2 protein chains.
Amino acid sequence: MVKTFNVAIMGATGAVGQQMTEQLEKRNFPIKDIVFLSSSRSAGKEITFNGQTFTVQEAKPESFEGIDIALFSAGGSVSEKFAPEAVKRGAVVIDNTSAFRMDKEVPLVVPEVNKSDLSLHKGIIANPNCSTIQMVCALQPLKELFGMTKVVVSTYQAVSGAGIDAINELKEQAGDFDNAKTADAKMLPVKSAERHYPIAFNVIPQIDQFTDNGYTFEEMKMINETKKIMHDDSLAVAATCVRLPVVTGHSESVYVELKEAATVGQVKQAIAQAPGVELMDDPSNQLYPMPLMTAGLDEVFVGRIRQDLDNPNGFHLWVVSDNLVKGAALNSVQIAEALIEENII
Amino acid sequence: MVKTFNVAIMGATGAVGQQMTEQLEKRNFPIKDIVFLSSSRSAGKEITFNGQTFTVQEAKPESFEGIDIALFSAGGSVSEKFAPEAVKRGAVVIDNTSAFRMDKEVPLVVPEVNKSDLSLHKGIIANPNCSTIQMVCALQPLKELFGMTKVVVSTYQAVSGAGIDAINELKEQAGDFDNAKTADAKMLPVKSAERHYPIAFNVIPQIDQFTDNGYTFEEMKMINETKKIMHDDSLAVAATCVRLPVVTGHSESVYVELKEAATVGQVKQAIAQAPGVELMDDPSNQLYPMPLMTAGLDEVFVGRIRQDLDNPNGFHLWVVSDNLVKGAALNSVQIAEALIEENII
């Protein structure tokens with residue numbers, strides 16, 4: 001008989017929470033009971049799961065009594081408050097916020113890359129930032145085969161990473177082409193920031209707040225999380241993170257320097273064989289990944305693979321994935337699946 | 001008395017041609033007579049210039065009789081056909097297409113960077129690709145002060161680079177949010193290409209056709225033109241060129257390695273003092289360039305200046321400029337102005 005688990009989704013009404021519910025359903029996750037939790041503001045909403053209707057409940061410490069696996073995606077402060085309560089009550093928390101990602105006691109896991117870190121968990125497992133996940137999926141096979149010294153990434157990120165309200169704002173702004181510059185803007189680049197800018201027909205080179213060194217938190221997340229997941233503090237990583245008028249699907253222009261020389265053919269083969277990654281690279285047929293076409297799909301898509309014209313160890317990649325799927329909900333559910341497979345839970 | 005010149009605009013009804021007309025008017029270019037030329041398809045349209053109405057004429061070799069300065073922006077094949085005819089009749093051609101850019105006999109000029117190359121002209125002067133122009137304006141002051149060994153650029157390019165029809169296509173697609181994926185697409189990535197993709201709510205990592213090495217012609221233009229303009233074949237340049245749902249204004253995420261160490265303060269100061277370039281870099285006030293805000297302006301705007309966290313000689317820049325203004329029409333008119341200033345014409 002298949003072992004089943006009591007699952008809680010914290011932040012069930014958000015963009016990622018909704019995707020988590022879909023992923024659990026789609027992947028036939030072995031669920032005994034499921035509970036959908038949120039802030040008091042969203043409590044009372046209804047969610048359909050496997051044909052049954054559930055009412056979203058306001059999260060309280062006691063909500064986690066009897067829960068085996070708690071998937072969190074309701075903001076860092078909610079995780080800081082409730083994740084320890086869930087762990088105290090015996091749950092394993094898989095947290096999609098940045099609250100615990102750089103905590104040395106907390107594994108930061110992309111199953112295709114560092115599944116073995118799961119066994120070190122002490123109750124909380126962190127799900128990396130969306131833009132980090134897709135990049136490390138694409139880079140890991142190259143690092144394994146050829147070694148890696150340097151990564152420079154420029155991102156092209158969708159608004160869904162900023163939540164459902166940001167999607168609605170893009171939709172509204174896009175409908176008023178002639179007034180794009182003066183469009184009403186309340187959500188981007190950061191809801192709580194002082195200034196907001198329209199995103200339709202625009203590009204905003206700020207995701208999350210700025211840190212003291214001039215990089216944004218999003219950029220520092222990509223830099224630090226990549227080193228942690230790949231277990232390589234000596235890997236040089238630089239990131240420029242940019243928001244675009246795209247609904248779902250982050251794209252990344254990645255320049256990577258390998259330790260050993262490789263050919264484009266070898267790099268393509270490594271990518272094609274990597275788990276969770278799909279090679280989509282045929283210039284003669286104009287085939288390359290685009291976010292509008294790959295939204296909703298599970299894989300990390302890689303195309304436009306080119307050798308640098310000056311450095312034979314340098315390669316350029318174009319990496320696209322659905323930021324709500326592999327970048328968040330799917331990766332969290334895959335972590336839960338790996339815990340079961342490896343008999344860690 | 002100010003010397004005045006007979007000017008022809010070839011491709012007068014196009015997106016860049018219209019901007020050329022505006023720039024000549026706005027900058028009070030010393031015009032004796034002006035003639036607006038086009039293909040037979042657009043001939044007969046009317047254009048207002050300095051309060052007078054002109055009828056666009058179909059271009060013929062004889063159209064260039066008596067012309068001193070001919071500004072071309074009607075596609076490479078038109079330039080190949082008519083530029084030699086104009087030169088034969090005594091005109092200096094300033095060509096905004098890629099037809100002659102890499103010709104060793106043809107200076108490729110951004111006045112702020114290599115104005116002195118103008119004196120070498122033999123009738124044709126090439127205006128660089130839009131994405132190249134703004135990048136070399138931002139990089140030249142750094143190269144002069146600190147030397148430069150490597151450039152890696154990822155672009156975020158507006159649809160207006162593909163012409164007025166591409167703008168209209170974006171506008172139509174953007175108005176139908178719910179059907180973005182199946183939207184009618186005829187213009188992008190390349191009108192004459194076999195496959196077309198929607199651009200609204202999407203990102204297309206192809207600009208121009210592919211070359212045999214997997215890079216696009218747009219990417220190879222940025223690579224080769226940068227070396228030519230900066231007179232440095234040893235400069236390593238790599239480019240990934242990407243089209244976005246933005247109307248006007250190209251953005252670029254540029255990683256540069258300098259020969260000599262520098263501080264962020266020195267880099268900012270060099271940018272601030274460079275001609276034609278405006279430093280727009282104050283993270284604490286969320287100040288950085290964005291294409292929607294800088295469209296229509298003359299300058300190249302630079303922000304998000306950061307030192308690389310691993311390489312003290314590495315810097316990251318965010319460069320935005322109007323691709324139709326400094327990226328095309330303004331630069332062409334500035335070349336004409338420089339010819340006059342330097343008594344070359």
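This is a predicted model: local features need pLDDT of at least 70, side-chain atom pairs count only at pLDDT 80 or more; totals for chains, interfaces and linings use all residues.
Local features need pLDDT of at least 70 and side-chain atom pairs count only at pLDDT 80 or more, while totals for chains, interfaces and linings use all residues. Residues are numbered from 1 along each chain as its sequence is written, chains are lettered from A in the order in which they are written, and side-chain values use heavy atoms, without hydrogens and water.

A rotation of 180° with 0.0 Å of shift along its axis places chain A on chain B with an RMSD of 0.0 Å, after least-squares superposition on the C-alpha atoms of residues with pLDDT of at least 70 in both. This is the relation of a two-fold axis. A:Gly175 is the residue of chain A that comes closest to the axis, at 2.5 Å for its C-alpha.

Contact (heavy atoms within 4.5 Å) joins 68 residues of chain A to 68 residues of chain B. Because 100% of the interface residues of chain A are also interface residues in chain B, the copies meet through the same surface. The buried area, which is the accessible area (1.4 Å probe) lost on putting the two parts together, summed over both, is about 5,700 Å², with 62% given by carbon and sulfur atoms. A:Phe201, A:Gln286 and A:Leu292 supply 12% of the area that chain A buries against chain B, more than any other three residues.

Between the chains there are 10 salt bridges, each a side-chain nitrogen of Lys or Arg within 4 Å of a carboxyl oxygen of Asp or Glu. A:Lys150 and B:Asp308 form a salt bridge at 3.8 Å, N to O.
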